[in-house]
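Me: Here is a model I would like to go through term by term. For each label, say what it rests on.

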Amino acid sequence: VKDGKKPYRMGERMTNKRLDLKIGGSSRAVQMDTISNHNFEISELNTYERIMREEGLKGKTQNEIDEKLRDLMSYKDYAYTDQEISQMVSEQKRTAVSQRGSLASRKVKLEIQLTAAKEMGDEAEEQRLLGELDKLRATEELTKQIEEKREGASFRIKDINMRNLDFQRKVGDLAGAREAKAQAKGEAVYSDPFAR
């Protein structure tokens, strides 16, 4: 895991962490939101094994894999220091990332203030708070519409991604057959394992 320069959205949070991926002699730092959480396909494992063999590298031992798994599980329960928390808070303020619950908490605060204004008989304050609540409800509605649009777009994107995945598998099968023929003829085939 490496720190990158530019933050990106991972789920509901912003991060600048990247995974350092190595295949054979090639290495790249990649944003985590581009990494699949599905199991490897047989063709991917075969390609990995072939590249490692071609470059004279050995795979990981079971002990190394178990150690990496323990490391990854320790990140799950990581306790941030006060300095790290302060840095994250200042970064969020700097990038003006608003948390989802902020509209709801503002609405609750306004409703409490409105109840207090009614009990005090302060009509001017009551009208001001009612106006702010109306603006807040309009913002909530707009946010809801944006979320619905985004979800619709992500569905379309998922459909496109599934078609692309199917196409990539077909291309990969053809490329794998071509490489197998070239290897059978004794021709050397070198390629960037990160290339698509």
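**Contacts, sheet and surface**

Reply: In the protein chain, 42% of the contacts with a separation of 6 or more are between residues 24 or more positions apart. The model is a predicted one.

Me: What makes a pair of residues count as a contact here?
Reply: Their heavy atoms lie within 4.5 Å.

Me: Which elements does the protein chain have, and in what order do they run?
Reply: There are five helices and three strands. From the N terminus, the order is β-β-β-α-α-α-α-α.

Me: How do you know that β2 and β3 pair?
Reply: Pairing needs at least two bridges between the strands. Six bridges join β2 (residues 13-23) to β3, so the two strands count as paired. Their directions are antiparallel. As an example of a bridge, L21 has R28 in β3 as its partner.

Me: Why are β1 and β3 called edge strands?
Reply: The three strands form an open antiparallel sheet in the order β1-β2-β3. Strands β1 (2-10) and β3 (26-31) each pair on one side only. From one strand to the next, the twist averages 35 degrees.

Me: What holds strands of a sheet together in general?
Reply: They pair through backbone hydrogen bonds, in a parallel or antiparallel manner.

Me: What makes a residue buried, and what percentage of the protein chain is buried?
Reply: The cut-off is a relative accessible area under 20%. Of the 196 residues, 10% are buried.

Me: How much accessible surface does the protein chain have, and what part belongs to carbon and sulfur atoms?
Reply: The accessible surface is about 16,700 Å², and carbon and sulfur atoms account for 54% of this area.

Note on methods
Residues are numbered from 1 along each chain as its sequence is written. This is a predicted model: local features need pLDDT of at least 70, side-chain atom pairs count only at pLDDT 80 or more; totals for chains, interfaces and linings use all residues. Side-chain values use heavy atoms; hydrogens and water are left out. Helices (H or I, at least four residues) and strands (E, at least two) are DSSP runs, numbered from the N terminus. Axes are lines fitted to C-alpha atoms, for helices over the stretch in contact, and angles run from 0 to 180 degrees between N-to-C directions. Buried means under 20% relative accessible area, exposed over 50%, partly exposed in between (1.4 Å probe, protein chains only). Accessible areas come from the Shrake-Rupley method with a 1.4 Å probe; for residues, only the protein chains shown count as cover.
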